[in-house]
Amino acid sequence: MKWLLRTREVFRAFYAKYSTSVDRLARFALSLVAYLAVFYFAGYNATLSKPIFAVALALVSAFLPTSSTAVITALLLAIEFASVSIEIPVITLILFALILLLYFVFRAETAWLLVFTMVACLFGVSPAVLPMALLISPVDVIVLAFGVLIYGLVAAVRKDVSVFTSGSLTLGGRVNLLLTDILSDPRFLLILIGIVCASLLICIVRTSKRNYSGLIAIVLGDLLYTLLLVLGGFFLDVTISIPGLLIGLVLNAVFSFILLFVVRSLDYKRTEEVRFEDDDYFYFVKAVPKTVIRATERKESVITSSNPETINVDDLFHAHNDTREEKP
Amino acid sequence: MVDTDKVYLMTKAAMFENKEKKGAMKIVSYRRQDYILYHMLLVLFSATIAFCIIVGTILFLILMANDTIVLNVGEMVVFGLVIAVFYAIVLIFYYTFSHQFYGSRHVKARQKIRQYLEIMNALDELEEKRKAESEK
């Protein structure tokens, strides 16, 4: 386990030095994947749905606030859906406007969750959303639900795109068909219920004051999600790929461990450059955060009358750190 | 000669200002009531627009499901009252929630600023001490 501690310190030092670039790269990666997903799953406008536009928009998004990705995704979806039928982009923009007006007005910093959830569900890896519950509060589960709703909308349009474009239905008929497709799709309902319930459980258990609450939260969340999907698939007659689900859960567990160990357990400080002056001098100060990487292993020996015992101090440090990490 | 204690304190103060320029320092620049009122008005305005969108969508769906709808004056008044009651419930909910939310945000910002003020007080004391020593 010592290599994990060293790896964590390496990440910490790297982030401390290059935090701005790492944040921009992360925004670029999420935006690129989101826009490519929109072009792949909802690419009804041949002129717009080109990878070069996705790259260009992702480059722009990297330099804008995180919430801009959600706004650009909404606009892209609206433009794509306009090629299918006029009422679908209106419904899409109404959904995004509702989440913006009712929730993002308080917490705009969670807008990336909406995009992440939509992308994860579109690519069929909805369990990947569960580790995000380690980073959010229970109220933010609303954003996850909206992300799944947007996925449901995209899936419904994809299912009946030929009917929408054929012109055989009236305006009312198309809206009715779209709403029926979304609300009566058992797979969408299963994913929505599974993600909301599992994420809520993870959020609530994570904030409890017991040791290893993060790990317990993820295990319970995964179990609940699996149970809901399997039972729901049985009762709603939905085919669930068990190998795919198991692989998704294993990856989910690995990703959660990385999140718990590398992201949540540390206070990531950044290198800061400040300038100030007084009557005598101008000061240009660079503050670099300290990192701790043990060069050598320390061992202490506790000798009792019967059995001499060797304690590895690094393991003690790791055990203490685990206890400290679990505090809210 | 560079006073290292002073540089340390000023660096801490400058780092805090950089970090909280758009955060706690901006929040504390408002009085608590003004901050809550300003953001509450924004939230209530957003909630009103969202409510209008939802009601408009529901009415549109009802109109699509029925080719014609005939209401007498009494029914229209009742319908209007129902919408008004729901609107009042939404406003009360968002009023209460935003008052709590922005109130606690202002309190947390003031706690952060207290640490900054301690640094500034320490700087003032250092400056006075230096002046007193230079006068001697």
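1. H6 of chain A passes H8 of chain A in a right-handed crossing. This is a predicted model, and the points below should be read with that in mind. H6(A) covers residues 141-159 and H8(A) covers residues 171-183. The two helices pack at an angle of about 120°, and their axes are 9 Å apart. Because of that angle, H6(A) counts as oblique to H8(A).

2. Which residues of H6(A) and H8(A) make the contact? On the side of H6(A) they are A:Gly152, A:Leu153, A:Ala156 and A:Lys159. On the side of H8(A) they are A:Leu178, A:Asp181 and A:Ile182. By kind, the residues of this contact divide into four nonpolar, one polar and two charged. A reader can find each of them in the structure above and check which helix it belongs to.

3. Chain A as a whole has twelve helices and four strands. It has 328 residues, of which 31% count as buried. Contacts in chain A between residues at least 6 apart in sequence can be sorted by their separation: 71% of them join residues at least 24 apart.

4. The largest nonpolar core has 76 residues. Those that touch the most other members are A:Leu114, A:Val157 and A:Ile202. Which helix gives the most to this core? H6(A) does, with twelve residues. As background, nonpolar side chains tend to be buried together in soluble globular proteins.

5. A:Val157 deserves a separate look. Apart from its neighbours within four places in sequence, A:Val157 is in contact with A:Ala42, A:Phe81, A:Val84, A:Ile88 and A:Phe164.

6. A:Val141 is placed in helix H6 of chain A. Is A:Val141 buried or exposed? A:Val141 has 21 other C-beta atoms within 10 Å, so it is buried; the cut-off for buried is 20 or more. Neighbours within four places in sequence aside, A:Val141 is in contact with A:Val196, A:Ser199, A:Leu200 and A:Cys203. As for A:Leu249, it is 108 residues from A:Val141 along the chain, and the C-alpha atoms of the two are separated by 19 Å.

7. A:Phe53 lies in helix H2 of chain A, which spans residues 51-62. A:Phe53 counts as partly exposed because it has 15 C-beta neighbours inside 10 Å. A:Phe53 and A:Ile202 are 149 residues apart along the chain, and their C-alpha atoms are separated by 37 Å. A:Ile202 was named above among the core residues that touch the most other members.

8. A:Asp237 is in the loop between helix H10 (213-235) and helix H11 (242-264) of chain A. A:Asp237 has 8 C-beta neighbours inside 10 Å, so it counts as exposed.

9. The next two points concern chains A and B together. The contact takes 16 residues from chain A and 17 residues from chain B. On the side of chain B that touches chain A, the elements giving two or more residues are helix H1 (4-20) and helix H3 (32-65) of chain B. H3(B) gives the most to that side, with nine residues. The residues on that side of chain B divide into 13 nonpolar, four polar and no charged.

10. How do H4(A) and H3(B) pack? Helix H4 of chain A (residues 87-104) and H3(B) pack at an angle of about 150°, with axes 8 Å apart. H4(A) is therefore roughly antiparallel to H3(B). Their crossing is left-handed. From H4(A), the residues that meet H3(B) are A:Ile94, A:Ala97, A:Leu98, A:Leu101 and A:Leu102. From H3(B), they are B:Ser46, B:Ala47, B:Ile49, B:Ala50, B:Ile53 and B:Thr57. The residues of this contact divide into nine nonpolar, two polar and no charged.

11. B:Lys129 is in helix H4 of chain B, residues 73-135. B:Lys129 counts as exposed because it has 11 C-beta neighbours inside 10 Å. How far apart in space are B:Lys129 and B:Asp5? Their distance is 12 Å, C-alpha to C-alpha, while in sequence they are 124 residues apart.

Methods. Residues numbered from 1 in each chain as written. Chains lettered and ligands numbered in written order. Predicted model: local features only at pLDDT ≥ 70, side-chain atom pairs only at ≥ 80, totals over all residues. Axes fitted to C-alpha atoms, helices over the stretch in contact; angles between N-to-C directions. Parallel < 35°, antiparallel > 145°, perpendicular 65-115°, else oblique. Left-handed = near helix turned anticlockwise from the far one by under 90°. Contact = placed C-beta atoms within 7 Å. Nonpolar A, V, L, I, M, F, W, Y, C, P; charged D, E, K, R; others polar. Core = buried A, V, L, I, M, F, W, Y, C linked by C-beta atoms within 7 Å. Buried ≥ 20, exposed ≤ 12 C-beta atoms within 10 Å, placed from the backbone.
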